[in-house]
Amino acid sequence: MVLNSLDKMIQLQKNTAKIRNICVLAHVDHVTGKTTLADCLISSNGIISSRLAGKLRYMDSREDEQIRGITMKSSAISLHYTKGTEEYLINLIDSPGHVDFSSEVSTAVRICDGCIIVVDAVEGVCPQTQAVLRQAWLENIRPVLVINKIDRLIVELKFTPQEAYSHLKNILEQINALTGALFTSKVLEERAERETESQVNPSSEQGEQVYDWSAGLEDTDDSHLYFSPDQGNVVFTSAIDGWGFGIEHFAKIYSEKIGIKKEVLLKTLWGDYYINMKAKKIMKVDQAKGKKPLFVQLILENIWSLYDAVLKKDKEKIDKIVTSLGLKIGAREARHSDPKVQISAVCSQWLPISQAVLAMVCQKLPSPLDITAERVEKLMCTGSQTFDSLPPETQALKAGEVKCFLNTAAKVLDSLKRVFNINIFVTPCRPLTQEEIAQRRERARQRHAEKLAAAQGQAPLEPTQDGSAPETNLKGEEPRAGDEEQVESMTPKPMPQEENNQGSFVAFARVFSGVARRGKKIFVLGPKYSPVEFLQRVPLGFSAPPDDLPPVPHMAYCTLGNLYLLMGRDLEDLEEVPPGNVLGIGGLQDFVLKSATLCSLPSCPPFIPLNFEATPIVRVAVEPKHPSEMPHLVKGMKLLNQADPCVQILIQETGEHVLVTAGEVHLQRCLDDLRERFAKIEISVSEPIIPFRETITKPPKVDMVNEEIGKQQKVAVIHQTKEDQSKIPEGIQVDSDGLVTLTTPNKLATLSVRAMPLPEEVTQILEENSDLIRSIEQLTSSLNEGRNTQMIHQKIQEKIWEFKGKLEQHLTGRKWRNVVDQIWSFGPRKCGPNILVNKSEDFQNSVWPGPASKASKEATKYRDLGNSIVSGFQLATLSGPMCEEPLMGVCFVLEKWDLSKFEEQGATDKQNQEQSDLVKEGQMGDEKQELQDGCSEPFEKRTAQKGEASLSDCYGPFSGQLIATMKEACRYALQVKPQRLMAAMYTCDIMATGDVLGRVYAVLSKREGRVLQEEMKEGTDMFIIKAVLPVAESFGFADEIRKRTSGLASPQLVFSHWEMIPSDPFWVPTTEEEYLHFGEKADSENQARKYMNAVRKRKGLYVEEKIVEHAEKQRTLSKNK
């Protein structure tokens, strides 16, 4: 029976100080028992039976979640908890642990103020535990720790209480070491920032700061950050057996029994202390004397003895324990043959898990009122913006968000609300019982009766209200207390319709400030919305009604639809939601794509985008089995794109619909959703599309058999180089050092381009700073075009110069001299890891904003042509010559740009134009006569066509010729250098026992994997293997490794970086030694060529391969009759 009614929950929502928004974070694959723990907490509210906790997995409402045994979607539920006289509302979100679904974790973490980190007592800290701890740290939310599965230490590992204590202490040390590393990096970053600020502004006074780490690490108090049972932020549990405890519970018991103060016991129950019973004093443990710590003596030994008695079926001892604890056990449990049932019956009464965990949550985790100013600032600053650079109207909202909870009524219009992602797709998860159907029918009747009564009561006044009420509502004004019923009576309630449908979208949201009311008009701000742009377009402020506002990009205006209380598999209707609560919002699918910020004031900035641990990298092409069902697929993919924050949907030039996901498990879930929920059609899925990158490298010094490449090469090498030279078409000059000179088809311009490989560090810096590069490009283009841009904010300027300094630091040496100042553009898409350097003396242009890049006469003259050169570079970097994949880590240097013939042509064109003007005067009379005679083509039109012909000859417009020539020059400059493919790499974390290590290594080596590190976990027989694995070889890897190791090893794959494949895809044996070693055909086909040919085949490009590979002998096989 459910213990709490909806009315009780609504009442609890109004007391913001007693609300706790928490999520459960942990490692993956039914290791830690997150969902079992959630079941135990839910059973405390009577929503499910305590006997079913751990078996039902209530929060996993999807069928594939139940089959696989892992959580794939975050789901929320509201719980009521009473501690003494105080009542709390706990909004609990159960999030997935698998790395493929880390976007769900990011969503959950953003909504919450605190989190429960669950760690397995046997496995300890796993790789994904580190990832979720980092996510919680980045979002500034406070964690508490639950060490689960203590029963495994007793039953499986057969530890003594003393060994178990040492093991638990070791786990805590590991987690605290991770927290310490995160904290140290933060302090050092802030100190470095302060140092740079003081260098820039030595005389500026320091304003009020959120943190003041003046003396760095030494004087910084970080004791509150660490997990320790004596601080009350650690609980030890066994969710499957239904028990858990914090040391506070035992401190209370023993303070009464032994007569030692509770405060003293709280400090000494965890740690190396023992009790001297004669003196009734607590003393430090002397290990040599073999004294047991208090935690072992008073807590663990009691639990161990209970398990020992039950497992050995010692009935007398069990009865004695039950009597001494004052518990009552039912006859059914006492007679049950399964010892787990007896343990659960005793422990769930003695040490109820929900009591321990929820008490810690209420005591140690903050309420929404305690949101820090630092977190608010961080949420409001997107991209490379800083809080100080936001408009004053926007900065004023910060105070509203931090303090608005205290004064809800006065700050109604300050309602800032964040919709994180539409990530609950509501479908009937289970058939309704007869009682529920009857209840819903009764509720619908009551609503209908209320509506009729209201309509009859207001009948005489209806005409006047119809004229006035909608007007005030459309203006976005908050209805007064008296008008509220009126507005709500006019708002349709589409809940019954939703019950009839297969399902509908419900947005997962959190009210940060203000009150959300059904039917309220509100602004929907997309992730790219800029309040600065709005304030520029609306100079009068907000006096105009919202419907009359000019259109602003990424901003919509809508009415809040249904508001829901999220109850796991069910939803409950709400009329309004006070601040600090988590809620569901219906009817936003037409306004929100993946995430948005909802606000009643358009001066609010969109909140910072979520940061995902996993990058979408696995691509497949999808098409319907029956072509006539294509519209269903397109609609289904659109819905999938809305429903999943980590999915990307692309339509390629070939017309293929491509689905990009984070990994194999994520891909499988998306395809199942497409088939069964969104498109509801049969679909065909291609083989995974593997992304590659193309690059160049320095010429090798040794050949494939490690012989030094020198002048004594064989005749075959000379023939090979001659063949290479013959591949380059005529009209292209190639110097010995790789400078390619190319002329436009109309012979008016000549370009000289050289390609050079960038150092790895520079490529990495470019990749990390793509957002900053994008803003640099925008600033430079607006300065060049002479638009009035606002003053570049000082901190953004500092970031740009810091980025430039990093590049200068790594680009050193004679060939890189002054290169950073001469960078013209980045590519592809103007923010990629390739650069274009302009060394031409005729036209100097730089990407860096500043006085040097302002328009001059020369610049104005060449700018349009310069844009064509940059466009050619962008096209060249977007698809390389090997297999039309994007380039990476390449620097193109424009050495020479000869436009003298173009200028001569321009001068002659000018003379011709003057002559034609003289002729025009003489022919004006004839023209008039022609028009009167009905001549179809007037003279002006003919002269205009002549003018166009001078700029665009038979080869097309001159700007287009420049684009094509630059693109070709870049491609040939690449081809004269040693080309290489770059493969996407996963980091692979594998936990395995020692006896299956050999099989793990066999699977890794078969799939071109490389082991980086192997370490044994202290106190266990588990090894943690860190390896890198190409994405191209990763499909089916997890299944294969589980099969080969009988499920004893499970890998976690996260996209890490791009790595160059060392082998040359165009290599053929040339020297005598290579012929001897590899044979004439080089039968062992190299990896790079295999990948390159596979991509070329997929894209329909020419592949150079023989149809018959080995045709020494042809046989005809006759059928045996």
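**A chat about helices and sheets**

Biologist: Which residue takes a positive phi just after α8?
Modeller: Gly259, with a phi of about 90 degrees. Keep in mind that this is a predicted model.

Biologist: How many residues does helix α8 have, and how far does it reach?
Modeller: Helix α8 covers residues 247-258, which is 12 residues. From first C-alpha to last it reaches 16 Å, close to the 16 Å expected at 1.5 Å a residue.

Biologist: Which residues of α8 are buried?
Modeller: Ile247, Phe250, Ala251, Tyr254, Ser255 and Ile258. Seen down the axis of α8, these buried residues fall within an arc of 135 degrees, so they line one face of the helix.

Biologist: And on the other side of α8, which residues are exposed?
Modeller: Lys252 and Glu256 are exposed there.

Biologist: What covers the buried residues of α8?
Modeller: The cover includes two strands, β7 (243-245) and β8 (273-276). It also includes the helices α9 (262-268), α10 (294-311) and α13 (339-350).

Biologist: Changing topic. Where is Thr179 found?
Modeller: Thr179 is in helix α7, which spans residues 161-200.

Biologist: Buried or exposed?
Modeller: Thr179 has 5% relative accessibility, and the cut-off for buried is under 20%, so Thr179 counts as buried.

Biologist: What is Thr179 in contact with, leaving aside its neighbours within four places in sequence?
Modeller: Leu133, Leu225, Tyr226 and Phe227.

Biologist: On to α4 and α5. At what angle do their axes cross?
Modeller: Roughly 35 degrees, and the axes come within 10 Å. Helix α4 is residues 102-111 and helix α5 is residues 127-138.

Biologist: Is that crossing of α4 and α5 left-handed or right-handed?
Modeller: The crossing is right-handed.

Biologist: Which residues meet between α4 and α5?
Modeller: From α4, Ser102, Val105, Ser106 and Val109; from α5, Val132, Gln135 and Ala136.

Biologist: Now the sheets. What is the order in the open sheet of 4 strands?
Modeller: The order is β21-β22-β20-β23, with antiparallel pairing. The edge strands, β21 (648-651) and β23 (683-685), each pair on one side only. Neighbouring strands of this sheet are turned by 30 degrees against each other on average, direction ignored.

Biologist: How many bridges join β20 to β22?
Modeller: There are 5 between β20 (residues 618-624) and β22 (residues 657-661).

Biologist: How many bridges join β25 to β26?
Modeller: There are 2, and the strands run antiparallel. Gln733 has Thr741 of β26 as its bridge partner.

Note on methods: Residues are numbered from 1 along each chain as its sequence is written. This is a predicted model: local features need pLDDT of at least 70, side-chain atom pairs count only at pLDDT 80 or more; totals for chains, interfaces and linings use all residues. Side-chain values use heavy atoms; hydrogens and water are left out. Two strands pair if DSSP finds at least two bridges between them. The expected span of a helix is 1.5 Å times one less than its number of residues. Buried means under 20% relative accessible area, exposed over 50%, partly exposed in between (1.4 Å probe, protein chains only). The arc is that of the directions from the helix axis to the C-beta atoms. Contact means heavy atoms within 4.5 Å. Axes are lines fitted to C-alpha atoms, for helices over the stretch in contact, and angles run from 0 to 180 degrees between N-to-C directions. A crossing is left-handed if the near helix is turned anticlockwise from the far one by less than a right angle, and right-handed if clockwise.
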